[in-house]
Amino acid sequence: MSGAGAAPRTEKIDGSGLDVVVIAGTWHEVITNGLIAGAQRVLDGSGASYRVVRVPGSFELAVAAQAAFAGGADAVVALGVIIRGGTPHFEYVSAAATDGLTRVAIDTGKPVGFGVLTLDDEAQGIDRAGFKDSKEDKGAEAAHAALATAIALRSLRG
């Protein structure tokens, strides 16, 4: 786990006027659907407009985020699940997703809520996916981070 009590409080936020794109991979559907539901709860409560776009996997999140921003999005919530296996593939995909989303955020100057879970097993994902008995709700946290950062950037830019 990422650490009990380590996450910031995610109080309701006013996202009125913001256009958000939730981009989610299709691997590990149960976990990913939990992440999407958490993001949707936050976005529904915020008043932001949003849409959900699915891509094949976490590797494709960055290019889809870049396209969302080119299409006018104010923020992106990137959701994915990468589970460690017996080959180095996990490290390559995890690094590519993280580096790619970071690059998109820096290059565009727009926020990407990072909800990509890097896990040792499916049980860790269930614990973080925001289900009734989950310990964390990483989809909700990623959506809140994207909204809060978009609002902060708007304030900074006047």
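User: What makes strands β3 and β4 count as paired, and in which sense do β3 and β4 run?

Analyst: In this predicted model, 8 bridges join β3 to strand β4 (residues 112-119), and the two strands run parallel. Pairing requires at least two bridges found by DSSP. One of the residues involved is Ile82, whose bridge partner in β4 is Thr118.

User: How do you know that β1 pairs with β3, and which residues are partners?

Analyst: Strand β1 (residues 19-25) and β3 share 5 bridges in the parallel sense. Val21 has Val76 as its bridge partner in β3, and Val22 stands opposite Val77 in β3.

User: What joins β1 to β2, and how does the chain cross between β1 and β2?

Analyst: Strand β2 (residues 49-55) is joined to β1 by 7 bridges, and the strands run parallel. Within this pair, Tyr50 of β2 is the bridge partner of Val20. The chain passes from β1 through helix α1 (residues 29-46) to β2, and this β-α-β crossover is right-handed.

User: Which elements make up a right-handed β-α-β unit with β3?

Analyst: That unit consists of β3, helix α3 (residues 89-108) and β4. The term right-handed applies because, with the strands pointing away from the viewer, the path from the first strand over the helix to the second runs clockwise.

User: Why is β1 described as largely enclosed, and how many residues of β3 are buried?

Analyst: In β1, 6 of the 7 residues are buried, so β1 is largely enclosed by the rest of the structure. Strand β3 (residues 75-83) is mostly covered, with 8 of its 9 residues buried. Across the protein, buried residues make up 44% of the 158 residues.

User: Why is Ala65 called buried, and what does Ala65 touch?

Analyst: The relative accessible area of Ala65 is 0%. The cut-off for buried is under 20%, so Ala65 is classed as buried. Ala65 lies in helix α2 (residues 61-70). Leaving aside residues up to four places away in sequence, Ala65 touches Ile23, Val76, Leu101 and Val104. Pro111 is 46 residues from Ala65 in sequence, and their C-alpha atoms are 10.0 Å apart in space.

User: Why does Lys138 count as buried, and which side chain does Lys138 contact?

Analyst: Lys138 has 16% relative accessibility. As the limit is under 20%, Lys138 counts as buried. Lys138 belongs to helix α5 (residues 138-157). A polar contact of 3.1 Å joins the side chains of Lys138 and Glu141. The cut-off for a polar contact is within 3.5 Å, and the 3.1 Å separation meets that distance criterion.

User: How do you know that the radius of gyration agrees with that of a compact globule?

Analyst: A compact globule of 158 residues would have a radius of gyration near 15 Å, and the protein has 15 Å, so the values agree. The C-alpha trace spans about 50 × 30 × 25 Å along its principal axes.

User: What is the order of the elements, and what share of the contacts links residues 24 or more positions apart?

Analyst: The protein comprises 5 helices and 4 strands. From the N terminus on, the elements run β-α-β-α-β-α-β-α-α. Among contacts with a separation of 6 or more, 79% are between residues 24 or more positions apart. The protein exposes about 8,100 Å², of which carbon and sulfur atoms supply 55%.

Key: Residues are numbered from 1 along each chain as its sequence is written. This is a predicted model: local features need pLDDT of at least 70, side-chain atom pairs count only at pLDDT 80 or more; totals for chains, interfaces and linings use all residues. Side-chain values use heavy atoms; hydrogens and water are left out. Buried means under 20% relative accessible area, exposed over 50%, partly exposed in between (1.4 Å probe, protein chains only). A polar contact is a pair of N or O atoms within 3.5 Å; within protein, one must be able to donate a hydrogen and the other to accept it, and residues adjacent in sequence count only if both atoms are side-chain atoms. The radius of gyration is taken over C-alpha atoms; the globule rule is 2.2 Å times the number of residues to the power 0.38. Contact means heavy atoms within 4.5 Å. Accessible areas come from the Shrake-Rupley method with a 1.4 Å probe; for residues, only the protein chains shown count as cover.
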